[in-house]
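Welcome, and please open the model in your viewer. We will take it one selection at a time.

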Protein chains: 2
Amino acid sequence: MNAEIIAVGSEMLTGDRIDTNSLFITDQLNNLGVEVVAKHVIGDDRERLARTIRQAARSSDFVIVSGGLGPTEDDVTRDAVAAALGRAQVFNAGISEGIEERFRRMKRVMPEINKRQAMVIQGAEILANDCGTAPGQWIVTGKQVVMILPGPPHELKSMFTRECMSRLAHIVPPLVIRTRIFRVSGMSESDLDQTISPIYKKYENPATTILAHNGDLQVHLRARCATKAEAESLLDEVCGPIETALGSLIYSRCGHPLEIVIGRKLTERNATLVVAESATGGGLSERITSVPGSSKYFLGGFVTYTAAMKTEVLGVPEDLLELHGAVSPAIAEAMARGARNRTGATWAISITGNAGPGTDGPEGAAQAPVGVVYIGIAGPDESVETFHRIWPSSDRARVRAFAAQMALDMLNRKLQ
Amino acid sequence: MNAEIIAVGSEMLTGDRIDTNSLFITDQLNNLGVEVVAKHVIGDDRERLARTIRQAARSSDFVIVSGGLGPTEDDVTRDAVAAALGRAQVFNAGISEGIEERFRRMKRVMPEINKRQAMVIQGAEILANDCGTAPGQWIVTGKQVVMILPGPPHELKSMFTRECMSRLAHIVPPLVIRTRIFRVSGMSESDLDQTISPIYKKYENPATTILAHNGDLQVHLRARCATKAEAESLLDEVCGPIETALGSLIYSRCGHPLEIVIGRKLTERNATLVVAESATGGGLSERITSVPGSSKYFLGGFVTYTAAMKTEVLGVPEDLLELHGAVSPAIAEAMARGARNRTGATWAISITGNAGPGTDGPEGAAQAPVGVVYIGIAGPDESVETFHRIWPSSDRARVRAFAAQMALDMLNRKLQ
């Protein structure tokens, strides 16, 4: 079976915005064995949108329309779907009350225009929105289904997962899909591909994809078969040689990112962690605390952006800063040691570097070339190991993200 | 004038690939004053593609089709355009010789199938490809133009810049584009729209768009006129009443985010800033230091995730923590005061809250409901003001992003 995805909104037709919802929906549909054969982004134009929906509903089994469900005049999706399918819209008092209630909880009064969000296409099933005001709609038209979903990605994801997937599973002939994910750190994307492509290129099923994001690599293998046993055996056949080829470069076999892998290891050992950051400015702490439950092992962090903060808060000796400069192995070591001593944590990570783009890093960073980062790991045996890396990039955000990834990778290796 | 962009290729319909050519083309077209009203990604399906092209050529001035020009059977673009426009294709010996020559230079023999790339739609102008084998085509059909361009981004960019822009400049009436951006904080998207839509709805030109992201709102106005003076005066006409209606809710008139606006104000006053975070776990510091040059005013931050860290590092009294719990105005105040006293910064921001999803926040956070955040701002007059907010979300990342945005907004108001 096949599907078309239509994203609605003139704001997605500029040179700097992309529609990411369709990527999520595509993944979900592919997991059911449904192929996406076309996708569209249509501006806030009722007629053009209605034409696109009409055409899609003629040629594809599923049509998923996202966005354009807000309360304002330029939110045209409900009207366009109604026009394309030749159906009326009905005001639903229950939805309207739900939206009013949501506003009340935020101590606000629902603006009158939000009532537009309570209009429902005749014959549609309502899809509850647990993260926003606009409900979705599920409309069966003969053999086709048209789905209307909200545009904000977190609303759409929640609704599609909760409401659409189970309905789709009743319609789509069952296909067993089994996925394996390896997460890999410490090598480049092209080295990874060169290492494993001779293995996975021999197979069309499972399909293998490599994803790379700021130094974090993922290998996704997806087998689609009639039975679970068949899919698992296919995966075993391909994954065995991949695991052998990559060895300890694989840090996770279940898709977990490094911050979760580390969190589990620290929890198992009843160990705690503290962080001292300069170049990454809080980004490493932010990533560690993105994990619910991280308070079990994460004591906290120090963002020491000035020399004085490094000295006063972490106890980095002033003369060491003068001698080596803030971006140096000696300072990475002193920061990690200082953070650990200061807090009594089992482990401490430090990062100092120059993230660029110019001479505008933390105080003292300008003495080092752009892209240079030193990482220190202080552990329970009182030793501190330092690592360094130069990234050939003057993209501040990228250097910072790469540095945080590398720091987590280094700690993870220490915990092995 | 307006345009539709059609990217061809089933490989762009997976969950991990996006079509970036359309972003480049959109930028180029917008610079000429041509608006992109729809874009499509169509798999390698001749009929579906022909239908999409036919519809686009009926409703838009320019149709740009990219990709699907390779030599193989699944490269369907030439055939689909011919079918959509009802024109024949003609073999062009000159193109074929050019491709053969290209192969010869690479010491290879042209495979017979590459001759397909020398087929030209009747009446088309040929667009030279200086980076690859497949030439482009420029087809005038009555008032419309259909362009066929190669899919590889470097080939497309070069061809569009060299061959299409000058041709377009002859057709498109010269137009000046002027943009203004207001950034707004402290209100909801629907309140913003309700406040300003009575103003901007009266105008089709300038076009107004509202963008919302984690509590940060942007109003984009784009005027397209024959002269610069005309565009500026149109913008003045609409922006004046919008500025009056929003008043101090506007924090930037040039598109800068809050972290840059605050950075400028602190720099002007020779003031410094320190941050003490709990629920946001480093995210506020990370955002402040994302600005190159932030070391001029940002001393650093404390991520105090445990009660002990709050007490030992920031000097928050233990009995205060016991009495009020970690998520309370009293602790927000004590954290801000402690961070400021500890470092001598002019200003300090603190954040304490429960970002959810469950009871897994920083130590002590579980006593407060999910979504509750307290923010403290300590200033040079030694006073501390606290603010609080409840977000009706159990999405950890969103609550944390909203909290950081609100904290920056509160400091910015203090700096006004």
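How many residue pairs are in polar contact between chain A and chain B, both at pLDDT 80 or more? The count is 34 residue pairs. Keep in mind throughout that this is a predicted model.

**Stop 1: the interface.** Select the residues of chain A that touch chain B: they divide into 26 nonpolar, 29 polar and 19 charged. In total, 74 residues of chain A are in contact with 71 residues of chain B. The two chains bury about 5500 Å² between them, with 54% of it on carbon and sulfur atoms. Now highlight Leu13(A), Lys39(A) and Arg48(A), which supply 10% of the area that chain A buries against chain B, more than any other three residues.

**Stop 2: a salt bridge.** Five salt bridges are found across this interface. For one of them, pick Arg400(A) and Glu286(B), whose closest N and O atoms are 3.1 Å apart.

Stop 3: Show residues 35-42 in both chains: strand E2 of chain A pairs with strand E2 of chain B in the antiparallel sense, over five bridges. Look here for Ile42(A), which stands opposite Ala38(B).

**Stop 4: a sheet in chain A.** Next, display the open sheet of four strands, ordered E10-E11-E9-E12 with antiparallel pairing. E10 (207-213) and E12 (250-252) each have a single partner strand, so one side of each is left without a neighbour in the sheet. Between E9 (residues 176-185) and E12 there are two bridges; Val184(A) has Ile250(A) as its bridge partner.

Note on methods. Residues numbered from 1 in each chain as written. Chains lettered and ligands numbered in written order. Predicted model: local features only at pLDDT ≥ 70, side-chain atom pairs only at ≥ 80, totals over all residues. Heavy atoms only, no water. Contact = heavy atoms within 4.5 Å. Buried area = accessible area lost by both parts, 1.4 Å probe. Salt bridge = Lys/Arg side-chain N within 4 Å of Asp/Glu carboxyl O. Polar contact = N/O pair within 3.5 Å; in protein donor to acceptor, adjacent residues only side chain to side chain. Nonpolar A, V, L, I, M, F, W, Y, C, P; charged D, E, K, R; others polar. Pairing = 2+ DSSP bridges.
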